[in-house]
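Here is a short note for someone opening this entry for the first time. Please keep the sequence and the 3D view side by side while reading.

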Amino acid sequence: MNETIAVVGAGIAGLLLARELKARGAEVVVFEKSRGLGGRMATKRVGEAVFDTGAQYFTAKSERFAAQVTEWAAAGVVAPWPGASAHRWMAKPSMNALGKFLAEGLEIQRESKLVNVQREFGVWELTIENRPAWRVGRLVLAAPLPQSLALLKAGGVELPRLLAAELAALTYHPCLALLLTLAGPSAMPAEGIAFADGPVRWMADNSKKGISPEGHAAVTVHLSSAFAAEHYAKTEAELAELVVPGIADQLGPPVVNVALQRWKFSEPAATFAQPCVWLPDLGLGLAGDAFGGPRVEGAALSGWAMAERMAVQART
Ligand SMILES: Cc1cc2nc3c(=O)[nH]c(=O)nc-3n(C[C@H](O)[C@H](O)[C@H](O)COP(=O)(O)OP(=O)(O)OC[C@H]3O[C@@H](n4cnc5c(N)ncnc54)[C@H](O)[C@@H]3O)c2cc1C
């Protein structure tokens, strides 16, 4: 029997799950379609400017995650957002650093996009774009839920009918992140956080946050999900024309470059009733923020819950 467990998605849910399973002696391989790790905890360089493009920070409300964050802080991997009044944590030096840290010691197949998963004779066959296929005994999908369900559909995998209907109803909001390089330091408050009306949901100054080098003022502007849904296909230039005049006073100096990160699956609109799904008969699991809750912490809790469920099943 093939004992290898495949985890699809190197976001925080998939990485914490893989670490837990490995710590319990399992053979685990993580497949990630991107070159970078950390999923929506993502960072992008545009010229010399550096932007956190997805999650800007995370909170730690549960006892378990708070204890974990304290450990990461002691290791220097995370720190409080400088000057922020609420308790906002960020990875050091930027959000994608936590993914890199969690990936240490794991077998990770990067730039490996699964396009199809099929179950045959008790084994999962994984079809991967431009790579040889893999065969594994157990499979956990830790991508944003609609992407996980699309993989199962492509492979003709049928879930129990009620579960399938409940999961299909869990949709995600889109987000657009405008990445603005400014001619000089922004006019935003010292902690680098600002809110605005209209299409803008959140603005973060990556220089004041301490991740974009001095002299390269870099502001991430997250647009609201309603605006993103309506204008998703627009170019960065078109979006800048619609958005920048309304925030010009908050930005201060002129914008010298505009880049764009589209997030089709930014955050789940609702959360599933359980922190993960494990189907022992199929050797199939589903995890991620659609299960644990729509934040970094929720995704982490889902990854851990999945490891528990699989361990319980292995013992019974
Ligand atoms: C714009 C934005 C702002 C946010 N702000 C915050 C915030 O301030 N605070 C907060 O706590 N949370 C925030 N979030 C939410 C937070 O980022 C997520 O809840 C959390 O990171 C989800 O982790 P995850 O592991 O479930 O999924 P992800 O991080 O999405 O990881 C899934 C991984 O699966 C990979 N993948 C997908 N399909 C395939 C495939 N076919 N084959 C191989 N790999 C695949 C993806 O590339 C990705 O790396 C924000 C998200 C966005 C997008």
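Predicted model: local features only at pLDDT ≥ 70, side-chain atom pairs only at ≥ 80, totals over all residues.

1. Where the domains meet. Here 13 residues of domain 1 are in contact with eleven residues of domain 2. On the domain 1 side, H4, helix H8 (289–292) and H9 each give two or more residues. H9 gives the most, with four residues. By class, this side of domain 1 has nine nonpolar, one polar and three charged residues.

2. Ligand shell. Which residues come nearest to the ligand? They are Gly-9, Gly-11, Gly-39, Ala-143 and Gly-288, out of 38 residues around the ligand. Elements giving two or more residues to this shell are helix H1 (12–23), helix H4 (145–154), strand E12 (172–182), strand E16 (255–268) and helix H9 (296–315).

3. Make-up of the shell. The shell around the ligand draws at least three residues from each of domain 1 and domain 2. Its residues divide into 20 nonpolar, eleven polar and seven charged.

4. A helix pair. H1 packs with helix H3 (residues 96–103). The angle is about 20 degrees, and the axes lie 9 Å apart. Because of that angle, H1 counts as roughly parallel to H3; the cut-off is under 35 degrees. The crossing of H1 past H3 is left-handed.

5. Contacts in that pair. From H1 come Ile-12, Leu-15, Leu-16 and Arg-19. They meet Leu-98, Gly-99, Leu-102 and Ala-103 of H3. Six residues in this contact are nonpolar, one is polar and one is charged.

6. A cis peptide bond. The bond from Lys-92 to Pro-93 is cis, with omega near 0 degrees. Pro-93 sits in the loop between strand E6 (89–91) and H3. H3 is also the partner of H1 in the helix pair above.

7. A positive phi. Glu-111 is not a glycine, yet its phi is positive, at about 45 degrees. Where is Glu-111? It lies in the loop between strand E7 (107–109) and strand E8 (114–120).

Definitions and conventions:
Residues numbered from 1 in each chain as written. Near = placed C-beta within 6 Å. Nonpolar A, V, L, I, M, F, W, Y, C, P; charged D, E, K, R; others polar. Domains from an automatic or database assignment. Axes fitted to C-alpha atoms, helices over the stretch in contact; angles between N-to-C directions. Parallel < 35°, antiparallel > 145°, perpendicular 65-115°, else oblique. Left-handed = near helix turned anticlockwise from the far one by under 90°. Contact = placed C-beta atoms within 7 Å.
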